[in-house]
Amino acid sequence: MDKHTPLHLQEIIFSSSNPSISRSISHLERSGQLKKIAPRIYTSNLNESPETIIRRNLFKIIGHLFPGIMLSHRTALEYKPTSTGDMFFTYPSQRIVKLPGITLNLMKGPGTMERDTLNENLRASSQERAFLENLQESRKPGPKSKTLTIPELEERLDNIARSRGEQGLNEFRDQARHISEELGMQKEFEKLNKLVGAILTTKPSSILRSPLAIARAFGHPYDPVRIALFEKLFVELQQREFVNLPERNTTQLAFRNFAFLKHTFLIL
């Protein structure tokens, strides 16, 4: 809670062991200025649904209710709930917590490492650690699964190669190797190593399933975001009318002069 803002003006208010704050919350709730939207959570927002309020203040709520919690597995890569409202965390104890519209899946696992940072109240697996976590076995399919699918992971690896280059992807793999040794996740690292090697063509590429990763392995990488932008531009241009400007450079001499002038002004 914000100590400098009156309780009735704060969107999220947490129950407190402080008797004075507890009495204030009870008084405001009885007077209709606050409403309880989840265990230990109140709000002064009387207009929007609890689901909307919880979603907007999600990370603040999680960090307050579960000190030491860490976003992990697919949540450490997506930073949002799945389509079923599931999120996945590493915590000292295992439990499932239901909030309006959100299910927090707390799994017992190794504590945070130096690179597992987010903010002072909430931690998150580093990208390398999150990839290793996503290569663990998962019994639940789809959005209920704690892990992304292999094709989804391949696309994320391709994105690393596209933005950081092959050297960046190799450095990513090297860092993942160190983390796997510290966490005892050598089995998961071997899976990652095969995927990276296949994308970089140092290992058989037949294991790849993502069209993006396969295209890179065959020497024809592409950026799907740029393709989507160009397709959008094409559609937009096709729907517009443009003034027909006649070609002025109709002779060889005019063409040469135009090329000379254009080159000169570009230099200047």
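Which residue in S3 is the bridge partner of Lys-36? It is Tyr-42. The views below come from a predicted model.

**View 1. An open sheet of three strands.** The strand order is S1-S3-S2. Pairing in this sheet is antiparallel. Strand S1 covers residues 13-14 and strand S2 covers 35-38. These are the edge strands, and each pairs on one side only.

**View 2. The pairing of S2 with S3.** Strand S3 spans residues 41-43. Three bridges link S2 and S3 in the antiparallel sense. Look for Lys-36 and, in S3, its bridge partner Tyr-42.

**View 3. Strand S5, mostly covered.** S5 runs over residues 86-91. Six of its six residues are buried. Both faces of the strand are covered. On one side lie Asp-86, Phe-88 and Thr-90, buried.

**View 4. S4 beside S5.** Strand S4 consists of residues 70-71. S4 and S5 pair in the antiparallel sense, over two bridges. Met-70 stands opposite Thr-90 of S5.

**View 5. S7 beside S5.** Strand S7 takes in residues 102-108. Six bridges join S7 to S5, and the two strands run parallel. Here Met-87 stands opposite Leu-104 in S7.

Notes
Residues numbered from 1 in each chain as written. Predicted model: local features only at pLDDT ≥ 70, side-chain atom pairs only at ≥ 80, totals over all residues. Heavy atoms only, no water. Pairing = 2+ DSSP bridges. Helix = DSSP H or I, 4+ residues; strand = E, 2+ residues; numbered from the N terminus. Buried < 20%, exposed > 50% of the residue type's maximum accessible area, 1.4 Å probe, protein only.
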